[in-house]
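Q: I would like to go through this model with you. Could we start with confidence and then turn to the packing?

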Amino acid sequence: MRKLVVGNEFLAEAAEALRQGKSVKARIDGWSMYPFIRGGKDLVELEPCDADSELPAWCCPFYCWEGHYMVHRYIGRDGDYCLMLGDGNLARVERVKRNDVLGLLRYIYRSDGFVQDCTDPRWLRWGALWYRLRPLRRFLLPVMKRLHLR
C-alpha cells in the first residue's frame, strides 16, 4: 500500500469541518504524542468542541498554534490561554487562545483493531501520570521506541 503524506492544508480542511459541527478522522504523523498516539499508524477521531466550554483535565485538543494544526495534551490554563504539551515532547509548552481550540480527540483506532476512548477517566489519568513523569521522559521515550512499546 502506498502512503500519502498531506501537509497542514488537509488539517485546515479538517478544522473547517469541525467548525461546521462534523467529526473528523485522520491519520496524523509525528512523534509528539508518543506513546499515546503512534504517528503514521494510529487513526484518530476528532469531535467538535464548543468554544465556551471548559476543557476537561488532561484531554487532547485539536488546535491551531502559530499556523500549525496539532493535537497535544491540555495541561492547564494561564489566564486566557490554554497550555498544551505533546506527550512525546520534553519541554515546549504551547500557549493557545481558547478560541483556537477547534476539537477534542475522541477515539484512537489502533492498527490491531483496538479502539481507545479518549474520554475514559482511566486513559486521562494515564495522561496525568505521564505528564508527572516529564523529568524521566528523556530516558523513557528512547527505550519505549526501541522496544516498540505503546
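Q: What is the average pLDDT of the protein chain?
A: This is a predicted model, and its protein chain averages a pLDDT of 91. A score of at least 70 is reached by 94% of the residues.

Q: Which elements have the lowest and the highest mean pLDDT?
A: Helix H1 (residues 8-19) has the lowest mean, at 86. The highest, 98, belongs to strand S9 (residues 115-117).

Q: Where does pLDDT stay under 50?
A: Over residues 1-5, for which the model has 1 contact beyond four places in sequence. Where pLDDT is low, the predicted coordinates should not be read in detail.

Q: Turning to aromatics, how many pairs are there?
A: The count comes to 5 aromatic pairs. In one of them, the ring centres of phenylalanine 36 and tryptophan 123 are 5.6 Å apart.

Q: Why is that pair edge-to-face?
A: The planes of phenylalanine 36 and tryptophan 123 stand at 90°, so the pair is edge-to-face; the cut-off for that class is over 60 degrees.

Q: Which parts of the chain does the pair link?
A: Distant ones, 87 residues apart. Phenylalanine 36 is in the loop between strand S1 (24-27) and strand S2 (43-48), while tryptophan 123 belongs to helix H2 (residues 121-132).

Q: Phenylalanine 36: buried or exposed?
A: Phenylalanine 36 is buried, at a relative accessible area of 10%. Tryptophan 123 is also buried, at 5%.

Q: And what about tyrosine 107 and tyrosine 109?
A: They form a tilted pair, 6.1 Å centre to centre with 45° between the planes. Tyrosine 107 is partly exposed at 23% relative accessibility, and tyrosine 109 is partly exposed at 21%.

Q: What sits over the ring of tyrosine 109?
A: The charged end of lysine 25, 4.6 Å from the ring centre. Elsewhere, arginine 95 lies over the face of tyrosine 81, at 4.3 Å from the ring centre.

Q: On to the largest nonpolar core: which residues touch the most other members?
A: Ile37, Phe62, Leu105, Ile108 and Trp123, out of 31 residues in that core. H1 gives the most to this core, with 5 residues.

Q: What does phenylalanine 62 touch?
A: Leaving aside residues up to four places away in sequence, its contacts include Leu11, Ala15 and Leu18, as well as Leu46, Tyr69 and Val101.

Q: Which residues are in the second core?
A: That separate core has 12 residues, among them Cys49, Cys59, Tyr63 and Trp65.

Notes: Residues are numbered from 1 along each chain as its sequence is written. This is a predicted model: local features need pLDDT of at least 70, side-chain atom pairs count only at pLDDT 80 or more; totals for chains, interfaces and linings use all residues. Side-chain values use heavy atoms; hydrogens and water are left out. pLDDT is the predictor's confidence in each residue, from 0 to 100. Helices (H or I, at least four residues) and strands (E, at least two) are DSSP runs, numbered from the N terminus. Contact means heavy atoms within 4.5 Å. Rings of Phe, Tyr and Trp (its six-membered ring) pair if their centres lie within 6.5 Å; planes under 30 degrees apart count as stacked, over 60 as edge-to-face and the rest as tilted. Buried means under 20% relative accessible area, exposed over 50%, partly exposed in between (1.4 Å probe, protein chains only). A charge sits over a ring if NZ of Lys or CZ of Arg is within 6 Å of the ring centre and within 35 degrees of the ring normal. A nonpolar core is a set of buried Ala, Val, Leu, Ile, Met, Phe, Trp, Tyr and Cys residues joined through side-chain atoms within 4.5 Å.
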